[in-house]
Amino acid sequence: MNVNITSLPYSKKAPVPMITRWKSPSNIALVKYWGKRDHQIPQNSSLSFSLNTSFTDTQVSVRPKTEKGGDLIALKLYLDEVRNPKFEDKIVTWFKQLITDAPYLSQFEWEIKTSNTFPHSSGIASSASGMSALALCLTDIEYKVYGKWDKTEDFYRRASYLARLGSGSACRSVYGGYTVWGKHDAIAGSSDLYALSVSKYIHPDFASMHDAIMIVSRSEKSVSSRAGHSLMNSHPFASQRYLQAQQNMENLLNFIQNGDFEGFAEIVENEALTLHSLMMSSVQSFILLQPNSLEIIHRIRNYRKRTGVPVCFTIDAGPNIHVLYPEKAREEVLSFIQNELIEFCDQQYWIDDKTGTGPSKVIL
Ligand code: 2P0
């Protein structure tokens, strides 16, 4: 049976109070999502892997609304036990956009308690882990209310669909390992509406990929994702970029499947530098890389050339450098990081992360 994941019948009465709690990881993109259209539809497909130690832990409690005629969405959000009006506004906006798909959102009073394992100012995007953790809690509540999504596949697809509407990259975080989001003719089952796990195609060398995040700066990003994506709407290179991303996706998946690290490094670094080139050549223009980011990039390339050790970099929309390497290179790369890279990090701070197994429900 095909389950329609986009809308729910408004059939049951609000049940008794409910509580659910999920942990969900951040992810790092290898083929970048940069540019969208309509309502959270990506201009090209993207590929990422979910992280292991960088995640958000979110607990959601709901009870039927007591107050009549109040706000459409009644919600309180606590980040690290402290009420956070900024995130509250963001979630209220997201819930309002979801009302047609999830009418129960206006029936309840929502209490959301959330925390991240990584520091707020570490430069790791918390929207992917935060929105995916909350989307999983919503899907769980839908399951309790409506008895839907009893097939595991449908459950995660629905969670991914809801997460995307909160933040595009979040839809990739509902799965562990490697994930594709966005329609691609060469990837069966790929969709613009939700992400798809591609972990079963991955070569064993790539299954446990490390991501050592070199924190060059902990300051807030100077361009928000929303503003960054919208710069692509009038970018002179936009259409060529979207074609390039689709081609990079196909090639990269082949390299990951065949265990070809050289091919992997070439595309992953090209994607990272293309993302930053697009930001630099936008009107308005942003330069997010810092001198220490460039120093780390040069050192990684020189080290790889000199030693043949499989190590490369990717970069998110910020100055921090993600150093990627397979398990078999761990010992050598840890020494390299220690001896050559950490002096370029803010107070020598870096995060030792790797591919994770994806979200988990916390049993209460
Ligand atoms: C990505 N980024 O693929 C790319 C690479 C940043 C650089 O997706 O507006 O927070 O919430 O859909 O997902 C950041 O953008 O944007 C992002 P919204 P999102 O991971």
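1. Strands are DSSP runs of E with at least two residues, numbered from the N terminus, and two strands pair if DSSP finds at least two bridges between them. On that basis β10 (residues 209-214) runs antiparallel to β12, with six bridges joining the two. Methionine 214 stands opposite isoleucine 321 in β12.

2. This is a predicted model: local features need pLDDT of at least 70, side-chain atom pairs count only at pLDDT 80 or more, and totals for chains, interfaces and linings use all residues. Residues are numbered from 1 along each chain as its sequence is written, and side-chain values use heavy atoms, with hydrogens and water left out.

3. β12 also pairs with β11 (residues 312-315), again antiparallel, through four bridges. Threonine 314 has histidine 322 of β12 as its bridge partner. Five residues lie between β11 and β12 in the hairpin that they form.

4. In a regular strand the side chains alternate between the two faces of the sheet. In β12, Ile321, Val323 and Tyr325 on one side and His322, Leu324 and Pro326 on the other are all buried (under 20% relative accessible area, 1.4 Å probe, protein chains only).

5. Domain 1 (18-202) and domain 2 (204-354) both contribute residues to the shell around the ligand, so the ligand lies between them. The bounds come from an automatic or database domain assignment.

6. Ligand oxygen atoms are placed 2.8 Å from a side-chain N or O atom of tyrosine 33, 2.7 Å from one of serine 167 and 3.1 Å from one of serine 225. The protein covers 92% of the 470 Å² of accessible area that the ligand has on its own (Shrake-Rupley method, 1.4 Å probe).

Technical notes: Polar contact = N/O pair within 3.5 Å; in protein donor to acceptor, adjacent residues only side chain to side chain. Buried < 20%, exposed > 50% of the residue type's maximum accessible area, 1.4 Å probe, protein only.
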